[in-house]
Amino acid sequence: MRTPMHDLFSELKAAVADAVREVAADPALGVPIENPPDPKLGDLATPVALGLARTLRRPPREIAAQIAARLEALPGIAGVEVAGPGFVNLRVDRGAALRRLLEPDRPTARRPGKLVVEHTNINPNKAAHIGHLRNAVLGDTLVRCLRALGHEVEIQNYIDDTGVQVADVVVALRELAGLDEQGFAGMVERAEQRVAEGRGGGIDHDLWDLYARVSAWYAEDAARERHRAETLAALEHGEGDIARLGARVAREVVRCHLRTMDRIGVRYDLLPKESDILRHRFWQAAFERLKQTGAIRLSTEGKTAGCWVMNLPHDEEGDSEHEYEKVIVRSNGVVTYVGKDIAYQMWKFGLLDRDFDYRPFALFRYPDASLWETAPPGEGVADHPPFGGASRVYNVIDVRQSYLQRVVQRGLEVQGFTDQARESIHFAYEMVALSPRTALELNPELELDDDERRRPFLDMSGRRGLGVKADDLIDRLEAKALEEVRSRDPGLSAQDAQRIAHDVACGALRYYMLRFTRNKIVAFDIDAALAFEGETGPYAQYACVRVRRIVEKLSERSGISADEVLAGLPEAEFAAIPPDQQLDHWSLVLLATRLPETVRAAVDHLEFATLARYAFELAQAINAFYHRFPVIREPDERTRTARLAILVVAARTLERALALMGVAVPPRM
RNA sequence: GCGCCAGUAGCUCAGCUGGAUAGAGCAUCGGUCUUCUAAACCGGCGGUCGCAGGUUCGAGUCCUGCCUGGCGCGCCA
């Protein structure tokens with residue numbers, strides 16, 4: 001994929017900043033360079049004179065004029081103006097900019113260090129739901145952007161195969177369904193048959209229903225809780241019938257999750273498993289270090305007496321007066337979840353002097369890439385890529401885990417791993433809930449009181465039968481997209497129509513999951529998610545398709561190939577555009593130069609809604625341009641070429657922005 | 001009780017480190033297909049930016065207090 005991440009105006013911006021610093025006689029001055037709200041004002045702008053006015057005690061416009069005079073001499077600057085309260089507005093050489101954009105991309109420079117991105121992390125006991133989709137799409141988009149910026153990235157999907165959730169479904173299988181491992185294998189076989197025939201979901205869908213029943217079963221008789229505890233202990237111990245059934249359940253469900261995520265283009269490099277963290281005794285290694293460094297201490301008094309605890313500040317500021325004790329090892333000697341998490345985080349940075357064994361994940365394979373899982377000691381293969389050892393770790397986990405993520409981070413810090421603590425990044429995002437309308441649509445029997453009906457969203461708790469399976473949503477999107485595709489082009493082959501419908505459905509879904517800022521609760525609404533109009537993935541895809549069609553039509557009419565049509569574009573001259581249309585044409589070019597800075601800002605702030613919004617704005621601009629300025633019908637050849645070149649530059653940029661979000665553009669739609 | 005997040009148009013949301021007239025989408029009303037695909041375009045309607053103070057040339061954005069809603073704060077995971 002071609003992803004030019006160099007900023008077209010980076011040299012120019014640096015030169016402007018230097019010149020301003022010279023005028024201000026302040027070599028350390030920060031010079032903000034912005035994009036003016038209206039292209040009529042200029043291409044780049046700096047409000048720096050407004051800030052200087054205070055320190056220099058002179059009118060801002062006077063300072064601005066002085067800066068403007070100095071900037072006029074800079075190469076690449078076509079004009080400088082002082083405007084408003086004291087903005088300095090710059091106009092750049094348009095012809096040169098268009099030529100640069102039409103040049104072949106320079107390869108992106110590789111950056112040192114490996115980054116680990118952990119995302120998805122679904123409990124392997126039932127089907128993925130829409131909340132998991134938000135996690136996976138955010139994580140996958142982060143990965144795509146990091147790679148585009150030149151980083152080496154390892155994608156980990158952590159599998160908690162020995163936790164309570166798996167234990168509960170194992171209890172349900174044994175006690176409610178009366179199945180052993182053999183029986184479960186039969187159930188899986190029937191499910192896979194169903195999937196192969198396109199009649200429904202995999203075993204994860206069966207377990208979704210089964211799991212929904214088990215909490216009620218526990219509630220009926222308090223004595224039944226014993227099953228949960230025994231099963232959990234068996235899973236952790238790792239031997240015997242129950243452990244084998246648990247491992248099997250986890251493997252089969254993970255296979256289903258991988259299949260679901262693969263449908264929307266989300267893939268992984270490694271599946272680290274909780275069971276292997278236990279078998280490789282990661283915690284024991286971390287425990288020694290934590291004790292040695294004094295990061296944790298044995299509490300001797302108070303309610304934590306007998307526990308190993310870590311001292312933590314009460315608030316975000318690290319106010320040391322209000323510290324409290326966080327239990328890491330219980331008084332019965334059993335490590336807590338956070339304790340294991342600290343050990344796992346240490347491994348990710350290569351701070352633990354031990355490693356997993358690894359083997360290819362046999363149940364699910366990508367056609368052109370390998371997928372690895374961790375293995376118990378002695379069960380891995382000799383030849384595997386190096387895993388872990390990251391210089392930075394992104395954990396994509398919902399915001400409710402913020403506190404625990406801070407504990408993990410603190411766990412590294414108090415051991416003296418301050419760099420790694422700083423590079424432990426919690427990519428937090430808000431929950432996905434359901435709009436009341438959608439909750440009712442999915443479950444008409446649901447009784448909502450007046451208060452609930454008025455709320456913007458409802459929590460999708462499993463108990464009330466709320467929740468939307470990821471597969472079901474994707475199915476509905478594909479079916480709806482297929483209907484739309486068919487109605488537009490009845491002549492398409494079934495296979496082509498299917499393929500386009502898939503791209504459209506996936507584009508709609510991924511865009512929907514990205515369009516809200518991350519600390520906004522998504523009130524999931526089926527109708528809004530299924531929409532293909534307005535601010536949606538398909539809207540943006542369509543803009544690209546239309547530009548491609550122009551190239552195709554030109555190719556048909558002139559008898560030369562589409563590639564040859566494109567090969568002629570570097571000849572385009574911006575000056576061939578009629579003067580009264582230049583501003584409108586230039587605005588589109590200018591917008592297309594902003595992808596790199598948008599991607600960098602998105603990664604820096606971990607806010608991909610800005611990238612989604614950029615894509616939408618670019619699509620809007622392309623569509624409006626498309627209507628106003630015909631290409632094929634344009635009689636003047638030079639104007640036609642320039643116009644096409646601008647449209648192609650914009651569409652290519654949009655396509656790249658979409659690719660970074662995992663949204664593919666179909667050949668037609 | 002403490003902490004985090006949210007409160008902007010009828011609805012759903014943007015608004016980058018305080019900066020030029022507060023923007024989109026949906027909904028609604030009215031236009032635009034013999035034309036490069038109308039999954040589109042153009043226009044209208046619609047806002048005391050939760051409330052009250054403060055900081056300054058300038059506040060949706062920063063500070064303080066308050067109100068409303070959500071989440072978190074466990075020898076659960």
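**Figure 1. Polar side chains beside RNA strand B.** A polar side-chain atom of Arg-633 sits 3.1 Å from a base oxygen of RNA strand B in this predicted model. Two or more residues each are given to the surface near the RNA by helix 2 (48-56), strand 3 (87-92), helix 14 (402-413), helix 18 (470-488), helix 21 (537-558) and helix 25 (609-628). Helices (H or I, at least four residues) and strands (E, at least two) are DSSP runs, numbered from the N terminus.

A word on conventions: residues are numbered from 1 along each chain as its sequence is written, and chains are lettered from A and ligands numbered from 1 in the order in which they are written. The model is predicted, so local features need pLDDT of at least 70 and side-chain atom pairs count only at pLDDT 80 or more, while totals for chains, interfaces and linings use all residues; side-chain values use heavy atoms, with hydrogens and water left out.

**Figure 2. The surface around RNA strand B.** Sorted by class, the surface has 30 nonpolar, ten polar and 17 charged residues, where Ala, Val, Leu, Ile, Met, Phe, Trp, Tyr, Cys and Pro count as nonpolar, Asp, Glu, Lys and Arg as charged, and the others, Gly among them, as polar.

Figure 3. Thr-374 is found in strand 11 (residues 372-375). Its relative accessibility is 0%, so Thr-374 counts as buried (under 20% relative accessible area; exposed is over 50%, partly exposed in between; 1.4 Å probe, protein chains only). The Thr-374 side chain makes a polar contact with the side chain of Asp-276, at 2.7 Å; such a contact is a pair of N or O atoms within 3.5 Å, and within protein one must be able to donate a hydrogen and the other to accept it, with residues adjacent in sequence counting only if both atoms are side-chain atoms. Leaving aside neighbours within four places in sequence, Thr-374 is also in contact (heavy atoms within 4.5 Å) with residues including Leu-270, Phe-356 and Arg-359.

**Figure 4. Helix 5, from end to end.** Helix 5 (residues 130-148) has 19 residues and spans 27 Å from first C-alpha to last, close to the 27 Å expected at 1.5 Å a residue; the expected span is 1.5 Å times one less than the number of residues. Because 17 of its 19 residues are buried, helix 5 is largely enclosed by the rest of the structure. After helix 5 comes Gly-150, with a positive phi near 100 degrees.

**Figure 5. Asp-168 in helix 6.** Asp-168 belongs to helix 6 (residues 164-176) and is buried, at 3% relative accessible area. Not counting residues up to four places away in sequence, Asp-168 touches Tyr-211, Val-214, Tyr-218 and Arg-228.
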